[in-house]
Amino acid sequence: MTNRAPGHELKLVREIDAPREKIFKAWTTPELMKQWFCPLPWKVTEADLDVRAGGRCNNTMEGPDGEVIPNQGVYLEVIENEKLVFTDAFTEGWVPTEKPFMVGVVLLEELPGGRTRYTAKALHWTEDDRKAHEHMGFHEGWGAATDQLVALLARM
C-alpha cells in the first residue's frame, strides 16, 4: 500500500524481540487483543474479529470514567504473519460508515534471531483527521499499547 499523501499518515516502528507469528496471533485473537490493545487505564471489553478480507474487525474500548467507544470496521487485507489492513470506513457486509476516520496497516517483517520489525500505520482521509488523531495522543497511546503488546508477547 503506497501512501500518496504523507501528510495523512501517522506511523510507529519498533523492533520487537518476538517472532511475527506471535505478534499476528496477539492482533487476531480476541482474548489476547483485550490484554494489550488499549493503553491503561483504558481496556478493550469486547473484541469480535473475523480475520479475513471483508471480515469483522470490531472492538469496544472503555475508559476509567465510564467512557465507551465502539469501533466497527472490516479487514481489507490479511496476509498471515505479515500484514493486516483494516478500516472503519465500512462495517461487515461492506456497509459504508457515516464518517470514516482511518485505515490501519500493521506490517510484520521477519528479522534475524526471531525478532520482528513492527510497523503500525494510521492512514487518514484528510490532514485534519491526522492532526486530530495526533492531538488525541496517537504516539503516546499507540506507543503504550505496543509496550503492553511486548509485555504480553514475553508471557506467551
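Predicted model: local features only at pLDDT ≥ 70, side-chain atom pairs only at ≥ 80, totals over all residues.
Two strands count as paired if DSSP finds at least two bridges between them.

As background, strands of a sheet pair through backbone hydrogen bonds, either parallel or antiparallel.

**From strand 1 to strand 10.** Next, select residues 115–124, which make up strand 10. Strand 1 and strand 10 run antiparallel to one another and are joined over eight bridges. Two positions may be inspected here. Select Leu12, whose bridge partner in strand 10 is Ala120. Then select Glu9, which stands opposite Leu123 in strand 10.

Is strand 10 mostly covered or mostly uncovered? Colour the strand by accessibility: eight of its ten residues are buried, and strand 10 is thus described as mostly covered.

**From strand 10 to strand 9.** Now select residues 102–111, which form strand 9. Strand 9 pairs with strand 10 over ten bridges, again in the antiparallel sense. Within this pair, select Gly104 and look across to its bridge partner in strand 10, Ala122.

**The hairpin.** Follow the chain between strand 9 and strand 10, where three residues lie between the strands of the hairpin. Select Gly113 in this hairpin; this glycine takes a positive phi near 75°.

**The cysteines.** How many disulfides does a search of the whole structure find? The search finds zero. Select Cys38, which is in no disulfide; the nearest cysteine sulfur belongs to Cys57 and is 12 Å away. Cys38 is also buried, with a relative accessible area of 5%.

Finally, select Cys57 and consider its sulfur. Why is a bond to the closest cysteine sulfur ruled out? That sulfur, in Cys38, is 12 Å away, which is too far for a bond, because a disulfide requires a pair of cysteine sulfur atoms within 2.5 Å. Cys57 likewise counts as buried, at 13% relative accessibility. By way of background, a disulfide is a covalent bond between the sulfur atoms of two cysteines.

Technical notes:
Residues numbered from 1 in each chain as written. Heavy atoms only, no water. Helix = DSSP H or I, 4+ residues; strand = E, 2+ residues; numbered from the N terminus. Buried < 20%, exposed > 50% of the residue type's maximum accessible area, 1.4 Å probe, protein only.
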